[in-house]
Amino acid sequence: ILIIYDTIFYMYKIIHCKKAIFGDGKESKGEYSVLIKNNKIEELGERGSIEVPPDTEVLDLKDYYILPGLVDAHMHFFGVPSDQLHLLATEDESYRVLRAAGEAKKMLDCGITAASCKGSSVTPNLRRAINEGHVPGPRLVAAGEFICSTGGTWDHMTFPLDWAKDTGMLADGIEGVREAVRKRVRSGSNIIKVGMSKGGVEDKYHPWGDNPWNEVSSYSLEEIKALVHEAHLNKLKVSGHCIGDEAVRYALDGGIDVIEHGYAISEATRQRLVDENAMVVTTISQLHFHNEAAEPYHYHDYMKDIFHTHIQQMKIDFEKSLKLGVRYALGTDLVGYPTHPPDAAAKEFEMVVDWGMTNTEAIVAGTKISAEALSLEKEIGTLEKGKLADIIAVKDDPLNNIKTLQDVKFVLFDGDVVVDKINH
């Protein structure tokens with residue numbers, strides 16, 4: 001009788017660095033080491049304090065600062081050029097997912113090791129391909145196609161209604177929204193994204209509205225409660241596009257888990273966000289890059305004015321909400337090249353610091369809290385024993401220079417080195 005014993009082989013790596021920033025608001029006092037066993041953090045400690053197993057691969061980053069991989073809690077893999085979003089109506093789905101895969105690799109190479117695509121039909125399949133190892137990319141939480149009411153947030157009203165229905169985007173009524181959630185589950189979505197606000201009938205820019213203070217609710221509270229209940233039955237969080245006071249109040253009343261944008265709100269609603277420990281996702285980068293693209297991509301004057309109005313109000317509310325204690329995750333709402341490159345997500349860290357966060361607060365928001373927004377807080381977001389080894393390194397101390405996060409030199413993803421500009 002031949003007995004074959006299974007032997008478990010462990011692969012060890014140890015990172016040595018100048019300083020570690022843990023993602024929870026704490027940092028090491030000096031040189032630090034992280035021991036990795038296969039794809040998880042095994043031990044952490046001051047350099048020289050860890051017993052190193054034989055044949056451990058040494059990654060000496062002695063002049064660099066390490067921290068958890070960056071997490072973009074709100075972006076989109078549309079898979080069409082960002083200056084030609086009308087192609088969503090005609091472009092082949094297979095091309096879109098391949099284009100998105102290229103952008104996903106660029107994100108990972110820049111240290112964005114996890115992201116949540118908050119609306120795109122291609123992302124559940126992209127997530128599957130990444131998870132199975134066919135293409136490189138960050139850990140993805142994917143909403144699949146948007147859910148919105150007829151005439152709602154993303155209903156392309158310049159296109160025929162039949163086309164909008166064919167996308168599967170539209171859902172109306174209590175049973176309609178329940179069915180939409182079930183269809184997303186069937187397609188592989190692992191978060192639900194619902195549009196809760198929109199521009200008025202006369203507005204020129206329907207998805208965000210011409211004036212954030214004049215937003216119209218896209219759903220009744222009863223519909224929102226039904227959608228949330230169905231999603232929670234499937235153990236999925238619900239993310240709500242919410243601009244304006246009514247939408248944010250409906251989100252709180254209806255049990256929405258993650259509030260996107262969350263500005264143009266009353267002081268009473270702002271206080272509720274704090275009292276109920278609600279999570280709001282920043283999305284400054286989208287508007288910043290619109291302003292950057294306005295001249296070279298020949299935006300209409302009315303679009304320039306609308307984006308200016310929104311970013312000004314977003315800044316006012318962000319500063320007030322931050323001061324009051326609203327809990328923020330960092331998301332960019334970037335949708336792809338050429339105008340909104342998703343690998344530029346670290347710009348969000350710089351923007352929130354410019355608007356009042358400390359560097360430490362920004363890093364916690366864009367790692368630990370953003371991981372929670374993705375329901376991945378037990379796996380990633382901080383440097384802790386037992387968590388997955390998603391680690392990046394930068395040349396400068398990000399607690400002093402937040403812009404250094406836009407120039408990541410080293411990326412360890414799931415225990416494997418995917419970028420090393422230090423030793424090569």
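Eight aromatic pairs, written as 8 in the count, occur in this structure, which is a predicted model. One of them joins Phe22 and Tyr32 edge-to-face, with 5.3 Å centre to centre and 75 degrees between the planes.

**Aromatic pairs**

- The pair of Phe22 and Tyr32 links distant parts of the chain, 10 residues apart. Phe22 lies in the loop between strand S1 (12-20) and strand S2 (32-37), while Tyr32 belongs to strand S2.
- Both Phe22 and Tyr32 are buried.
- Phe78 and Phe146 have ring centres 6.3 Å apart and planes at 70 degrees, so this pair is edge-to-face too; the angle counts as such because it is over 60 degrees.
- Phe78 sits in the loop between strand S5 (70-75) and helix H1 (93-109), and Phe146 in the loop between strand S7 (139-142) and helix H3 (161-166), so their pair ties together parts 68 residues apart in sequence.
- Phe78 and Phe146 are both buried.
- Trp154 joins Phe78 and Phe146 in a cluster linked by ring pairs.

**Charges over rings**

- Lys37 places its charged end over the ring of Tyr10, at 4.0 Å from the ring centre.
- Lys106 has its charged end over the ring of Tyr337, at 4.4 Å from the ring centre.

**The second largest pocket**

- The volume of the second largest pocket is about 460 Å³.
- Its lining is made up of 25 residues, and those nearest the centre of the pocket are Ile130, Asn131, Arg139, Leu140 and Phe413.
- Helix H2 (123-131), strand S7 and strand S17 (416-420) each contribute at least two residues to the lining of this pocket.
- By type, the lining of the second largest pocket has 13 nonpolar, 5 polar and 7 charged residues.

**Helix H6**

- Helix H6 spans residues 245-254 and is mostly covered, with 7 of its 10 residues buried.
- Asp245, Ala247, Val248, Tyr250, Ala251, Leu252 and Gly254 are the buried residues of H6.
- Gly255 follows H6 and has a positive phi, near 90 degrees.

Conventions
Residues numbered from 1 in each chain as written. Predicted model: local features only at pLDDT ≥ 70, side-chain atom pairs only at ≥ 80, totals over all residues. Heavy atoms only, no water. Phe/Tyr/Trp six-rings, centres within 6.5 Å; stacked < 30°, edge-to-face > 60°. Helix = DSSP H or I, 4+ residues; strand = E, 2+ residues; numbered from the N terminus. Buried < 20%, exposed > 50% of the residue type's maximum accessible area, 1.4 Å probe, protein only. Lys NZ or Arg CZ within 6 Å of the ring centre and 35° of its normal. 1 Å grid on protein atoms, 1.4 Å probe; cavity = no way out; pocket = protein on both sides within 12 Å on 5 of 7 lines; lining within 4 Å. Points joined across faces, edges and corners; volume = space filled by probe spheres on them. Nonpolar A, V, L, I, M, F, W, Y, C, P; charged D, E, K, R; others polar.
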